[in-house]
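Subject: Structure handover

Hello,

Here is the structure for you to look through. My notes follow below it.

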Amino acid sequence: MANNNLTVEEKMAALRSAYAQQLEGKIAEISDHVAAMLGASDEKAIAETVLAVRALIHKLAGSGATFGFKDVSMVAREMEDACNKSIEENKYNSEIGVYLNSRLDDLRKSSVHPDIRMEKPRSHENGDIEQGSIEDRTIRKVIVLEGDKKIQSQIVNELEHFGFLAVGVSHPNDLAEAINKSKPFALISDIVFDGDSESALKLISDMHGAGNLDCPIIIHSEIDDMHHRLGAVRAGAKNYLIKPVDMADMVNVLDLVTSDGDSDPFRVLVIDDDESLSHHTELVLQGAGMTTRALNDPMEVIDALNDFAPELILLDLYMPDCEGHEVAAIIRQQEAFDAIPIVFLSGELDVEKQLSAMELGGDDFLTKPIKPKHLITAVRIRASRFRELRSLMVKDSMTGLYNHTTTKQMIENEIERAKRLNHSIAMAALDIDHFKNVNDTYGHAVGDKVIKSLARLMRQRLRGADIIGRMGGEEFAAILSGATIEEAENVFNQIRQAFSEIVFHTDTKDFSVTLSCGIAEFPAFDSISSLSDAADKALYEAKHGGRNRVILAR
Amino acid sequence: MELAKILYVEDDPDIQTVARMALEMVGGYTLEVCSSGDEAIAKGPDFNPDLILLDVMMPGMDGPTTLASLREIPQLEKTTAIFMTAKVMPSDLQRYKELGAADVIPKPFDPMTLAQQVREIWSADNGQ
């Protein structure tokens, strides 16, 4: 596991943040028992809840400071002392409940540790923002086993443009050593060495079989026959590419064979006026790997929609200020959420009432209490269908980047959020230089490949939470939230440089292309129109200043 | 003699994780982590630890009872034992010592210095 490479400090920080995330739930559990204590009618019932609280609070007292929450330990200790006193004196009246209840707020406050709060990733349309510096991406090592030095260095260079750490190995005898140094992310290998087309495959097959080569293997060879293809499959190869291979294709294959099927967690908004119930629902869904947010006041639904961007809403039918079906109707009035799945979760057993709730905008009705497994399945199926559908609506089919309309919408959301959180945004407008020549000279298929390569490169170099859109033809836009214009300049200069070094191969000729880029910063330009205009104007300057450059709007 | 292997008994998974990190990563010790007294009694003889580290308050069999049972296993009769607990009363401390515990580490502990604390107690108990 990757965790093995973490330093003690990093691991401690991770543990601390995991603990911090659970604290709220633990305190809620204690709070539930205290509520039961206050509502208890006789001494026996009070005694039971005191014991339950003591068991939980004892754990908090003993663990809080270990995870950096000194005040949690302190407050919990005092609450534990009170429980112990009550137990020792066998005194179970309303006093203990009232005291514990009066300390719950202190406990909650002490659980909000400023350092931890800052470490928590903020929520985002694309899932959680990645930590680390703006140009920080996980380094992925690819071993290139290739006897021809020229081809080897060409592959190594170009893979590096795409953000891989490529290591060239010239002979199968040196493969084991290269793997031992650090575990590769993938192996790209030729099969002919010293005029022999069998030994290398045999070696790879043996290493793979023995578990010493535990990564995707891509064979890259001049030989195209059934015998060698079969040999490659038997050696564990995931793909067999015939030389010469266009690097864009090679990178696509690398992406495909190394994608582990993990996708962003589903985002579920739980609306229920009962905090402990919504919390329970959240725990069940989080246990299934989903990201959740609870909303106990339905009047705040619009903010929550925009801020959290859920993919499914679980809605309680009966709430004090505003009923579930009314909330559903309000959600449906928001254009961006008119297709989001809304699932009612309620104790209502009357089918007529269930149906009338669904007529007002609900998609399904689940009856409480519901088995966790049933809830998870119902949510997962609907959220995943919604995600597929939305992807068709919001993404550009060729590049997988956001389309023009969605990008505009997202820029607007980002600006709104930046205003609220008081942080900066860098917006970049990019355009491939002389793209029309590429299409005219080499045809549209090659042109498409160039566009896909740039899309791929941006996805590789930017953070997961940055928004990248294809605005049309060969024009792109990117929004880097929280980044300054200087940071963005640095990143886009790297992208520009890397893109210019990619060599595209065609039947007639090898060629390279460049790009121009303009960047503007929020809040220097503080509306969507002034920000995009400024970025476009800077791009125009970059074009007229000779292309292949990044210009900042000042 | 070197301190290398620690039998660690603790029911709270959060504390288990952080103590494991503190003792394995910071201290470099080999750990056998048990979530209950029963598990410790089952694993104790084969693991044959140089040190036993136990939480006091656990559901089911508590720390002191667990230690008393572990002491009946011949090779663990004299193994250094340390309790970890959030509450130490002077009377409790006396009782723990009578059970053969070398010392008590108060909870919450500091994960960065836990290994060192453990080592110091072990060294003192083993005359080093």
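In chain B, strand 1 (residues 5-9) and strand 3 pair in the parallel sense over four bridges. Strands are DSSP runs of E with at least two residues, helices are runs of H or I with at least four, and both are numbered from the N terminus. Two strands pair if DSSP finds at least two bridges between them. B:Tyr8 has B:Leu53 in strand 3 of chain B as its bridge partner.

This is a predicted model: local features need pLDDT of at least 70, side-chain atom pairs count only at pLDDT 80 or more, and totals for chains, interfaces and linings use all residues. Residues are numbered from 1 along each chain as its sequence is written, while chains are lettered from A and ligands numbered from 1 in the order in which they are written.

Strand 3 of chain B also runs parallel to strand 4 (residues 80-85) of chain B, joined by five bridges. There, B:Ile52 stands opposite B:Ala81.

Is strand 3 of chain B covered on both faces or on one? Both: B:Leu51, B:Leu53 and B:Asp55 are buried on one side, B:Ile52 and B:Leu54 on the other. Buried means 20 or more other C-beta atoms, placed from the backbone, within 10 Å of the residue's own; 12 or fewer is exposed, in between partly exposed.

Now the chain contact. 14 residues of chain B are in contact with 15 residues of chain A. Contact means C-beta atoms, placed from the backbone, within 7 Å.

In chain A, helix 2 (residues 43-63) and helix 3 (residues 70-88) have axes 8 Å apart.

Best wishes

Notes: Contact = placed C-beta atoms within 7 Å. Axes fitted to C-alpha atoms, helices over the stretch in contact; angles between N-to-C directions.
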